[in-house]
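Hi everyone, thanks for coming. Please have the sequence and the 3D view open while I talk.

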Amino acid sequence: MTPPRAAPPTTPSATGNAAIGARGEEAAARLLAQRGLRVLARNWRHGGLELDIVCDDRGTLVFVEVKTRAASGPARPDEALTPAKRGKLVRAARQYLAAHDCWDRPCRFDLVCVVHDGATLTLEHYPHAFDLTASLGGGDAAWQPW
């Protein structure tokens, strides 16, 4: 019998980044709730796919990606929403819709950028952060996955 493998050691930097990311997601969830969105799920996972926050905005499902970066960092948070990341978000959203049998709901993708400078967090919410009409051939503002 093979002994179980130990998890790779976490570095202090990785642990610190995870804590900062969790703090950013918590602040993003509060911001969304203050703006009238109802948080349905946080860190929803299916296989290797994850949705940071899923909300309801007056009948529209909103899949929210949260990107947290340091104010002194080399890149802005919105620069992390690459085409590859958008593709993963779409696949995760499809899994969420299938798991909750809500294919008939209009959907959109939002981005919340969190910049931290020590204890201070600055948040920006971008509704409709990206559009899928070109890749899916649709023309509606609210994304439909079929």
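First, some ground rules. This is a predicted model, so to speak of local features we need a pLDDT of at least 70, side-chain atom pairs count only at pLDDT 80 or more, and totals for chains, interfaces and linings use all residues. Residues are numbered from 1 along each chain as its sequence is written, and side-chain values use heavy atoms, with hydrogens and water left out.

Let's begin with the layout. The protein has three helices and five strands. Helices here are DSSP runs of H or I with at least four residues, strands are runs of E with at least two, and both are numbered from the N terminus. Going along the sequence, the order is α-β-β-β-α-β-β-α. Of contacts between residues at least 6 apart in sequence, 57% join residues at least 24 apart; a contact means heavy atoms within 4.5 Å.

How confident is the predictor? The score is pLDDT, its confidence in each residue from 0 to 100. The mean pLDDT is 84, and 79% of the residues reach 70 or more.

Next, what is on the inside? We call a residue buried under 20% relative accessible area, exposed over 50%, and partly exposed in between, using a 1.4 Å probe and protein chains only. Buried residues make up 35% of the 146 residues.

Now the aromatic rings. A search of the whole structure finds four aromatic pairs. Rings of Phe, Tyr and Trp (its six-membered ring) pair if their centres lie within 6.5 Å; planes under 30 degrees apart count as stacked, over 60 as edge-to-face, and the rest as tilted. Which kind of pair do F63 and Y96 make? Their centres are 5.8 Å apart and their planes are at 80°, so the pair is edge-to-face. F63 is in strand β3 (residues 60–70) and Y96 in helix α2 (residues 83–99), so to say 33 residues apart, and the pair links distant parts of the chain. Both F63 and Y96 are buried. F109 and F130 form a stacked pair, at 4.8 Å centre to centre with 25° between the planes. This pair also links distant parts of the chain: F109 is in strand β4, and F130 is in the loop between β5 and α3, 21 residues away. Both F109 and F130 are buried. Ring pairs link W44, F63, Y96, F109 and F130 into a cluster. On the face of F130 you can find R86, at 5.8 Å from the ring centre. For a charge to sit over a ring, NZ of Lys or CZ of Arg must be within 6 Å of the ring centre and within 35 degrees of the ring normal.

Some of these names come back in the nonpolar cores. A nonpolar core is a set of buried Ala, Val, Leu, Ile, Met, Phe, Trp, Tyr and Cys residues joined through side-chain atoms within 4.5 Å. The largest has 20 residues, and L51, V54, L61, F63, Y96 and F109 touch the most other members. β1 (38–46), β2, β3, α2 and β4 each supply at least two residues of this core, and α2 gives the most, with six. If you click on L51, you will find that its contacts include W44, F63, L89 and Y96, leaving aside residues up to four places away in sequence. There is also a second, separate core of 12 residues, with L31, I53, V62 and V114 among them.

What about the cysteines? C55 is buried, with a relative accessible area of 0%, and C113 counts as buried at 6%. The search for disulfides, meaning pairs of cysteine sulfur atoms within 2.5 Å, finds zero in the whole structure.

Finally, a look at the backbone. Most residues other than glycine have a negative phi. N43, which is not a glycine, has a positive phi of about 50°. N43 lies in strand β1 and is partly exposed at 30% relative accessibility. H128 is not a glycine either, and has a positive phi of about 50°. H128 is in the loop between β5 and α3, and is partly exposed with a relative accessible area of 45%.

My last stop is G118, in the loop between β4 (107–117) and β5 (120–126). Is G118 buried or exposed? At 54% relative accessibility, G118 counts as exposed. G118 and I20 are 98 residues apart in sequence, and their C-alpha atoms are 10.0 Å apart in space.

How values were computed
pLDDT = per-residue confidence, 0-100.
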